[in-house]
Amino acid sequence: LNRRDRSAWNMYFVFLDRFKDGNTQNNRQVDDPEIHPSVNYYGGDLRGLIEVIESGYFDSLSINTLWLSPIIQNPEGAFGLWDQGGVRSTFSGYHGYWPISATEVEEKFGTMDKLKELVATAHNNNINILLDFVSNHVHEQHPFFVNNRNWFGQLELPDGTLNLRRWDDYRLTTWFEPYLPSFDYPSSPEALKAMVDNAVWWLKETGADGFRHDAVKHVPNEFWRALTKEIKEKIEIPMNVKVYQIGETFGDYDLVSSYVNNGQLSSQFNFNLYNVAQAVFINQNDSFSNLDLEIKKNFDVYGPIHYMGNIMDSHDKNRYMAYADGDLRLEQWSAIEEGWNNPPQVDNPSSYKKGELYYAYMFSIPGLPVIYYGSEFGMTGASDPDNRRMMKFGDELSEDEKEMLKSVRSISNLRLENSALRYGDFYTLYADENIYTYIRSDVNQRIVVILNKSENQQKVDLTLPEFYNTQMLKDLFSGQTYSVERNNVSVIMDGISYKYLVLE
C-alpha cells in the first residue's frame, strides 16, 4: 500500500529522547543538583531512530507513519519545580515542548542534515514522518519573545490573578508555565504570520509529510485557517501532495470538531472515544453497549470513515497497562506521585492479554490507530514522567512482552492486509457487558470482529444479516472455520480474547 493512502495509515509515536541512543557523542544531561534522573535527558536521538527504521522493526509492525516528539532546540538549563510526595525536582526540556529556536534541531538529538536523512530513510521504507509543531508558546529564551514582547499575552490578569493553566476560562491566552509565554495572535498579525511561515519552512526544509499539532484548543481558529491556506498554496498544490495535520484537543465534541474541516486540520486525536473505551475495557461491569453508542456518536460527528487518531495511551496519559494490571484506579487520571515513589510493574500475565484485546479493538474500528512507543509490548507507567520510560528492544523484553509484541504485530498486519478493516462501514451485531461483535464491510470483503473482555470462556451466538447468504466464517488469525446455518453461527471465545472472522 502507498504510504500516502491515509485510510491505510498505522501510526506510531516516537518519543525521541526515550527511544534509541544511536550516537553517544551528542549525549549531555542538564547539570542541576535538584533535577531527578527521570526528567533529565536519556540519550535517544535521530541516529537511533534511523537505525530502528533500517532494522525493519516498524515493517514488522506494519507501521507506515511515525509521529516524532518535537525535535527543535530546547533550553540547556532546568526549569519549574515539583515538591510534593517526598520528591523535589526541577525539569529539563528532554520532551521538546520548550522551543528556544525557530530553525535549529535540538543538538542532543542531532543536526538538520540528520533530520533530513531520517525523513529520506523513512520515505525509502514507505513510512511517513509527522513533526510535532508547537504553535501556542515558546520558551522565554526564544528570540521571538526576547525581541518581540508585544507578540505575547500578559501573565498577569486585570484582577491581579495569574493567567496560568487557565485551560477553560482563558483557554486562548493562558500560559502553561511562567517561563512559557503564550502568543497573542488576535492582537499580533506579525506573530501569526511568523509562526505560519515557520511551520511551512519546516515542511519544505525537511520533506516531512505533516504535523501533529500541540495544544490546538489554546490557539485561535484564525491561525489554523491561515496555516492550512499557506500549506495548500506553498506545498500541496505546487507539489501535488497532501499534508496531514492531526491536532491535540481535550474537550467536548463541539470544541474538537470545530478545528476539523477542510480549511483547518485533517483530524484530531479521538480522546472522547478513548475515554469511554478505556472505562469499558478496564471496568468489568461497564457494558460494551456504552462503547457502541459512543462509536455511533463519532460517526454522527466525523462520518463513518474518518481520519481521527485512536489511542490506547500517550505521553500525556497514564499507560494503559497500569490500569489493566490494577496498579492504578481508572479515576486516577493524575498519578504523578505513584510514578515517583512506586512505579507500576506488570505482575499478572493476563494483563498482557488485556492490552492485546484493546489493540484488536483499536485496529478494527474506523479511524487511524496510533501506538504510543512501548505499548506494543505492554510497557506500563503512571503519570508524566513515569509514562516516558526508555524503550526496550529484543532480549530486553520479558517472555510475556515478546508474546504481546508478536500478537500486536499480527493485529496490525491484518489491518493492512484486509481492506474492510480500513475502508469498511460498521455494523453492530451484539454488545453486552462481556461481548462486543461488529462487522466491517466494504466492496471486497466482510469481517466479523468478536471481542470478549471476560476472564471466562463465552459462547457467542450470532445471527448474520440474511442477505449475506454466507456459508462459512474463517478466522484470519488461526485459519479455523465455522459453519453458518440459516444465517446463524456459534463461536466459543476464550477468556480475554478476540477474533477476526472473514465471511466466505
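**Close-up views of a predicted model**

**Figure 1. Arg 389 and Asp 386 form a salt bridge.** The closest N and O atoms of Arg 389 and Asp 386 are 2.9 Å apart. The model shown here and in the other views is predicted. Asp 386 has a relative accessibility of 9% and counts as buried, because the cut-off for a buried residue is under 20% relative accessible area. Side chains of opposite charge can pair when their charged atoms come close.

**Figure 2. The peptide bond from Asp 384 to Pro 385 is cis.** Omega for this bond is near 15 degrees. Pro 385 is placed in the loop between strand E10 (368-372) and H13. As background, most residues other than glycine have a negative phi, and most peptide bonds are trans.

**Figure 3. Glu 248 and Arg 212 are joined by a salt bridge.** The closest N and O atoms of this pair lie 3.4 Å apart. Glu 248 counts as buried at 7% relative accessibility, and Arg 212 is buried with a relative accessible area of 1%. A search of the whole structure gives 34 salt bridges.

Figure 4. Lys 402 counts as partly exposed at 27% relative accessibility. Glu 399 has a relative accessibility of 56% and counts as exposed. Elsewhere, salt bridges that share partners join Lys 20, Arg 47, Glu 51, Glu 54, Lys 114 and Glu 117 into one network.

**Figure 5. Helices H5 and H6 pack at an angle of about 35 degrees.** Helix H5 covers residues 189-206 and helix H6 covers residues 221-239, with the two axes 10 Å apart. The crossing of this pair of helices is right-handed. From H5, the residues making the contact are Leu 192, Met 195, Val 196, Asp 197, Ala 199, Val 200, Leu 203 and Lys 204. From H6, they are Glu 222, Phe 223, Ala 226, Leu 227, Glu 230, Ile 231, Lys 234, Ile 235 and Met 239. Sorted by class, the contact of H5 with H6 has 12 nonpolar residues, five charged residues and no polar residues.

**Figure 6. Asn 487 has a positive phi.** The value is near 70 degrees, in a residue other than glycine. Asn 487 is found in the loop between strand E16 (481-483) and strand E17 (488-493). With a relative accessibility of 18%, Asn 487 counts as buried.

**Figure 7. Ile 496 has a positive phi although it is not a glycine.** Phi of Ile 496 is about 45 degrees. The loop that holds Ile 496 runs between E17 and strand E18 (497-503). Ile 496 counts as buried, at 8% relative accessibility.

Conventions: Residues are numbered from 1 along each chain as its sequence is written. This is a predicted model: local features need pLDDT of at least 70, side-chain atom pairs count only at pLDDT 80 or more; totals for chains, interfaces and linings use all residues. Side-chain values use heavy atoms; hydrogens and water are left out. Axes are lines fitted to C-alpha atoms, for helices over the stretch in contact, and angles run from 0 to 180 degrees between N-to-C directions. Helices (H or I, at least four residues) and strands (E, at least two) are DSSP runs, numbered from the N terminus. A crossing is left-handed if the near helix is turned anticlockwise from the far one by less than a right angle, and right-handed if clockwise. Contact means heavy atoms within 4.5 Å. Ala, Val, Leu, Ile, Met, Phe, Trp, Tyr, Cys and Pro count as nonpolar, Asp, Glu, Lys and Arg as charged, and the others, Gly among them, as polar. A salt bridge is a side-chain nitrogen of Lys or Arg within 4 Å of a carboxyl oxygen of Asp or Glu. Buried means under 20% relative accessible area, exposed over 50%, partly exposed in between (1.4 Å probe, protein chains only).
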